[in-house]
Amino acid sequence: MSAPATATAPTDTEIGEVVLRAVGISKTYGVTKALKGVDFEVRAGQVTVLFGENGAGKSTLMKILSGVEQPTGGQLVLHEEPITLENTVDAVERGISIIHQETNLCPNLNVRDNIFLGRELHTRMGGIDYAREADITSRLMRQLEEEIAPQTPVADLRMGQQQIVEIARALAAETRILIMDEPTSALSASEVEVLFRVIGELTANGVAIVYISHHLEEAISIADHAVVLRDGELVAHEPASEIDLPWVVHRMTGRQAEYDFREEPRDFGEVALSVRNLTVADLGTGRVVVDDVSLDVRTGEIVCLYGLMGAGRTELMETLAGRDPMTAGEVLLNGENVADLSVSDRISRGLGLVPEDRQRDGVVQLLSVGSNLSLAGLRSVVRRGLISRGAESDRIRRGMAEVTVKAAGPGTPITSLSGGNQQKVVIGKLLMTDPSVLLLDEPTRGIDVGAKGEIFALLFQEAQKGLGVLYVTSEIGEAMTASHRIVVMNKGRVVREFDPRTSTRAEVMAASGESANPTTSTTTTDEAIGGTP
Amino acid sequence: MTATNTSAEATPRPQSPQSPTGGVTSRLRSITLSSALVEGRALLALILIITVFALLSDNYLDPGNLVTITKQVAFNAILALGMLMVILNGGIDLSVGSTVGLTGAVAGNLFRGLDLPLTQAIMFPQVWVIVVISVGVGALVGYANGLLISRLRLAPFIVTLGMLYVGRGLTEVLLNGQNITNELRGQEGLGNTGFFEVFASRPLGLPISAWVMIALAVLASILLVRSPFGRWLYASGSNERAAELSGVPVTRVKTRIYVIAGTCAGIVGLLQIANISSATADLGQFYELNAIAAVVIGGAALSGGRGTVRGTIIGAFVIGFLANGLVIVGVSPFWQQVITGAVIILAVAVDRIQQIAQNRGAARRAAAEVRTAASTSA
C-alpha cells in the first residue's frame with residue numbers, strides 16, 4: 001500500500017477527459033437481465049448523475065463499477081486500458097471507491113482508525129504508525145473543511161460528518177473516481193450543503209464523481225452529466241445544461257410528467273385528529289425535538305407535513321403513533337384523548353402509523369405477504385379465541401385487491417416483493433384495522449415513480465371514503481401535487497400552513513428553511529423563519 | 001399440526017425465483033415441501049440413529065427400553081416446548097433447569113409439612129394444592145424473568161443466567177443438604193397421599209410424562225398456529241419493531257413466553273421427583289442445554305421467528321434415542337458427550353449446507369434457462 005496522497009495533488013488527467021468507460025456492460029441474475037449492454041462514461045472533474053427507478057439497474061451498474069460484482073458481458077476501460085475488477089480491494093487500488101447510503105464505519109473506533117482501517121500504515125518495527133496516520137487524517141479533514149480531531153470516536157459524529165469521514169477514507173486511498181450512492185438521504189439541509197461544497201472541491205481537483213439519488217431536484221442541481229437508466233438499458237445521456245425535472249421523470253418512467261392529485265375544494269368532515277401543544281424531548285439528550293405543535297386533520301382530508309430531515313417530523317409521527325412518550329400536550333382522536341394509550345390501543349381506536357423505515361419497522365420479513373397484511377387486524381378474524389382461516393384468507397384476498405399488491409399469492413415471502421409493493425402491504429395492513437386517521441412517514445421513500453402515483457391514488461381513494469391522512473415528505477413536488485393542505489415544520493415547530501393550489505414551491509421551501517437551489521443558496525434559514533407568522 | 005397451516009411457519013425459506021404462481025394447490029405444495037425440508041433433516045437423523053443402534057444392539061428396540069426412552073424424551077420435550085416459545089421470540093431461557101430443581105424442592109417441602117408461625121401446628125396441604133403451588137412457583141420464576149426482560153429490556157441471556165444461580169441456590173436452601181424421599185409418599189392420616197399414583201402412573205402402558213408431553217405439544221401447536229398469540233409471537237420474533245407498529249402487544253407477548261417456559265419447568269419438576277421418588281438438590285441440572293439443543297435440532301433459528309412444535313419434538317427424540325443408544329452399545333460416558341455435541345453441531349451445519357446448495361442450485365438452473373432462452377432466440 002503506497003502512502004496516501006491528498007486529493008489536491010495535481011493530476012495528469014484534464015477536467016472533462018473520460019477516465020472510466022463501460023462498454024456494452026450487461027449483467028444477468030438468474031432469469032433477470034439487470035443490465036442490457038450499457039455504454040457509460042465517467043469524466044474527470046465532473047459529476048455524472050445516474051437516474052432511474054428502482055430496478056432500473058442503477059445499483060447493479062454501481063456494483064460493477066466498484067468491483068462488488070463482475071459483469072456477464074462487456075468491458076470496463078480505465079484510462080483507455082481494458083480492466084477487470086476482481087473485487088472492491090482491486091477497485092480501490094485502481095482509484096475507484098464507493099460510498100454507500102448507510103455509512104460503513106465502525107462507530108466504536110475513532111476517525112483516524114476508520115480512515116486507515118484495513119490499510120494501516122506501519123512503523124519500521126511493524127506496529128501501527130499512529131502519528132503519521134493522525135497527521136494525514138488532520139490534513140484530509142482540513143481539506144474537507146470539517147475540523148474533526150483524528151481521535152474523535154465516530155459514534156460521536158453526526159451523519160453528515162460521518163459521510164465526510166467516508167469521503168476522507170476514499171481520499172486516503174487515492175481515489176480518483178468516487179461513486180456516491182444516495183449520499184444525502186440521511187443528511188440535514190446544512191449537511192447537504194457541506195457535502196455539495198466538498199463535491200465541488202473534489203471535482204475542481206479532478207476527481208470524477210458518479211452520483212445516485214432519489215432526490216431528483218437535488219441531483220439535477222449538482223449534475224454535469226445526466227444518465228438515465230430504464231429496465232437495464234441506458235435510455236438517455238445528456239449534459240446537465242440540456243435537462244430539467246420533467247425531462248428526467250419522462251425518461252425514467254417512459255411516461256409524461258408526474259401525477260397530480262390536486263382536487264377541487266370539497267368539504268371535509270369533523271376534525272378526526274387534533275394535536276394540541278405537543279412537545280417531545282429527546283430521551284437521551286433532553287433536547288426538544290417537537291416544540292409546541294398544534295394541528296388538525298379532518299375526515300377525508302390529506303394533510304402533508306413538509307420539512308427537512310431533522311425538523312422533528314419523524315419524532316412527531318412516532319409520538320402520535322404512541323411509540324415515543326410525549327413531554328406535554330394533548331392528542332385527541334375523534335374527541336377522545338389518546339395520549340396515554342399504547343401503540344396497539346391507538347390502532348384499535350383508529351390511529352396507525354406507516355413508518356419511515358420499511359425494512360426495519362414496516363414489514364415482518366419471515367412472514368408471508370398474507371400474514372403481514374392480516375397482522376394488525378388479526379383480532380377481527382378471531383372466532384372463539386382462534387384465528388379463523390376462512391375469515392383470514394377472505395380478508396387477505398380483499399386487502400390484496402384493495403391496495404393492488406402485485407404478488408404471486410398470499411403465501412409469497414414478503415421479501416420477494418418490490419419496495420413499492422411492500423409499502424402497499426404495510427399500508428394495507430393498517431387499512432384493515434379501519435383507521436379513522438392514517439399517519440405515514442415518508443411513504444414513497446425509495447419507491448419508483450410509478451408506484452408512488454399508485455400509493456397516492458390509494459390514499460386519495462380512501463380519503464374519499466372518509467379517511468384522514470397525515471403524511472410526511474421531504475419532496476416538494478409530492479407536497480404540492482398530492483395534498484389538500486401543507487403544514488410546514490422547521491426545527492421542531494409548525495411554522496406555516498399552505499394551500500397547495502394557491503402557493504408556490506419556493507414559498508413552501510422557504511418556510512421550511514430550505515433554499516430552492518441547494519448549491520446557490522440565497523435564502524438563509526433566518527430569513528425564512530423571519531418571514532413566517 | 002397439519003401440513004396445510006397458513007403462512008406463519010409455512011414459508012421459512014426463501015423460495016426459488018421461479019416458484020409457481022398463484023393457485024391454492026401450488027401454494028400447498030410449496031408449503032409442505034419447505035416444511036418437509038426443515039424437519040426432514042431432523043427426522044432423517046432420527047431414523048438414521050434408530051437404524052444404526054437397532055443393528056448394533058438387540059435390546060434397543062425392546063418395548064421396555066422404548067418406554068424408558070420415551071420417559072426421558074418427555075421431560076426434555078416438555079421443557080423444549082417452553083424453550084421453543086422463548087427462542088421464537090429471539091430469546092433464551094437458561095434458568096429452566098434450576099426451576100425444575102426448585103419446584104421439586106418446593107413440592108418436597110410441602111409434603112414434609114409447613115410450620116405455621118405462632119401456632120405449634122404443622123400444616124400438610126393436600127396433593128392438588130401442592131401441585132398447584134409447585135407449578136405456580138415455576139410460573140412465578142418465569143414471570144420474574146419475563147418482567148425483567150420485557151419491561152427493563154435486559155438481555156435474556158443475562159437475566160436467565162442470573163436466575164439459573166438464584167433458582168439452584170434456593171433449591172439448596174430449601175433442601176438444606178438433605179434429599180426429600182419418604183415424605184413424598186404422604187400419609188393416610190395427613191390426607192396428602194396419592195402423588196405417585198398420578199405422577200408416576202402409566203395409563204395404557206405409557207408413562208404419564210409421555211401423555212403430558214403429547215397434550216402439551218397439541219396445545220402448543222394450536223397456540224402457535226391457530227391463535228393470535230402465536231402469530232404475534234412469530235411476528236415479534238422476526239421483527240419486533242414492525243410487530244409493535246402493527247399493534248402487537250410485544251411486551252405482553254414477551255412476558256408470557258417466559259411464564260410458559262417456567263410453567264413447563266414446574267411440570268417437569270413434579271414429574272421428575274415422582275420419577276426418581278426423591279427431591280434432590282441437583283435435579284434438573286443442565287436440562288436447559290438439552291432443551292435448547294432439541295429446539296435447534298428441530299430447525300428453529302436462535303435469531304427468532306422460525307421454528308415449529310413438530311420439529312422440536314423430533315429434536316427431543318433425536319437427543320433421547322441417541323443418548324440411550326450410546327449407553328446400550330456401551331460407549332463410555334466421556335465419549336457420549338463428545339458424540340452428542342458433534343450431532344448438535346452437525347444438525348445445524350447440515351441445515352446451512354443444504355441452504356447454500358439450494359441457493360446455488362437455483363442460481364445454476366436459472367442461468368441455464370437464460371442460456372437456452374438466448375440460444376433459441378439467437
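Entry 1

I began with the meaning of a helix angle: axes are lines fitted to C-alpha atoms, for helices over the stretch in contact, and angles run from 0 to 180 degrees between N-to-C directions. I note that the model is a predicted one.

With that in hand I looked up helix 3 (residues 96-112) of chain B and helix 5 (residues 156-175) of chain B, whose axes are 8 Å apart and meet at an angle of about 25°. Angles under 35 degrees count as roughly parallel, so helix 3 of chain B is roughly parallel to helix 5 of chain B. The crossing of helix 3 of chain B past helix 5 of chain B is left-handed.

I then listed the residues in contact. Helix 3 of chain B contributes B:G97, B:S98, B:T99, B:G101, B:L102, B:A105, B:V106 and B:N109. Helix 5 of chain B contributes B:M163, B:L164, B:G167, B:R168, B:L170, B:T171, B:L174 and B:L175. Sorted by class, the residues of this contact between helix 3 and helix 5 of chain B are eight nonpolar, seven polar and one charged.

Entry 2. Helix 4 and helix 5 of chain B

I turned next to another partner of helix 5. The axes of helix 4 (residues 127-150) of chain B and helix 5 of chain B come within 9 Å, and they cross at roughly 150°. Angles over 145 degrees count as roughly antiparallel, so helix 4 of chain B is roughly antiparallel to helix 5 of chain B. I recorded a right-handed crossing for helix 4 of chain B and helix 5 of chain B.

Entry 3. Helix 2 and helix 10 of chain B

I looked up helix 2 (residues 63-88) of chain B and helix 10 (residues 250-276) of chain B, whose axes cross at roughly 170° and come within 7 Å. Helix 2 of chain B is therefore roughly antiparallel to helix 10 of chain B. Among the residues of helix 2 of chain B in this contact are B:K71, B:F75 and B:I78, and those of helix 10 of chain B include B:I257, B:Y258 and B:I260. The residues of the contact between helix 2 and helix 10 of chain B divide into 16 nonpolar, three polar and one charged.

Entry 4. Chain A

I noted the division of chain A into domain 1 (18-253) and domain 2 (271-364 + 435-530). The C-alpha centres of domain 1 and domain 2 of chain A are 32 Å apart.

In chain A, six strands form an open sheet of mixed pairing, in the order 16-19-20-13-21-22. Its edge strands are strand 16 (351-354) and strand 22 (493-498) of chain A, each of which pairs on one side only. On average, neighbouring strands of this sheet are turned by 20° against each other, direction ignored.

Strand 21 (residues 485-490) of chain A pairs with strand 22 of chain A in the antiparallel sense, over five bridges. A:N490 has A:R493 in strand 22 of chain A as its bridge partner.

Lastly, I found that strand 11 (residues 271-281) and strand 12 (residues 288-298) of chain A run antiparallel and are joined by seven bridges. A:V275 stands opposite A:L295 in strand 12 of chain A. The hairpin of these strands of chain A has six residues between the strands, and A:G286 there takes a positive phi near 80°.

Note on methods. Residues are numbered from 1 along each chain as its sequence is written. Chains are lettered from A and ligands numbered from 1 in the order in which they are written. This is a predicted model: local features need pLDDT of at least 70, side-chain atom pairs count only at pLDDT 80 or more; totals for chains, interfaces and linings use all residues. Helices (H or I, at least four residues) and strands (E, at least two) are DSSP runs, numbered from the N terminus. Angles under 35 degrees count as roughly parallel, over 145 as roughly antiparallel, 65 to 115 as roughly perpendicular and the rest as oblique. A crossing is left-handed if the near helix is turned anticlockwise from the far one by less than a right angle, and right-handed if clockwise. Two residues are in contact if their C-beta atoms, placed from the backbone, lie within 7 Å. Ala, Val, Leu, Ile, Met, Phe, Trp, Tyr, Cys and Pro count as nonpolar, Asp, Glu, Lys and Arg as charged, and the others, Gly among them, as polar. Two strands pair if DSSP finds at least two bridges between them. Domain bounds come from an automatic or database domain assignment.
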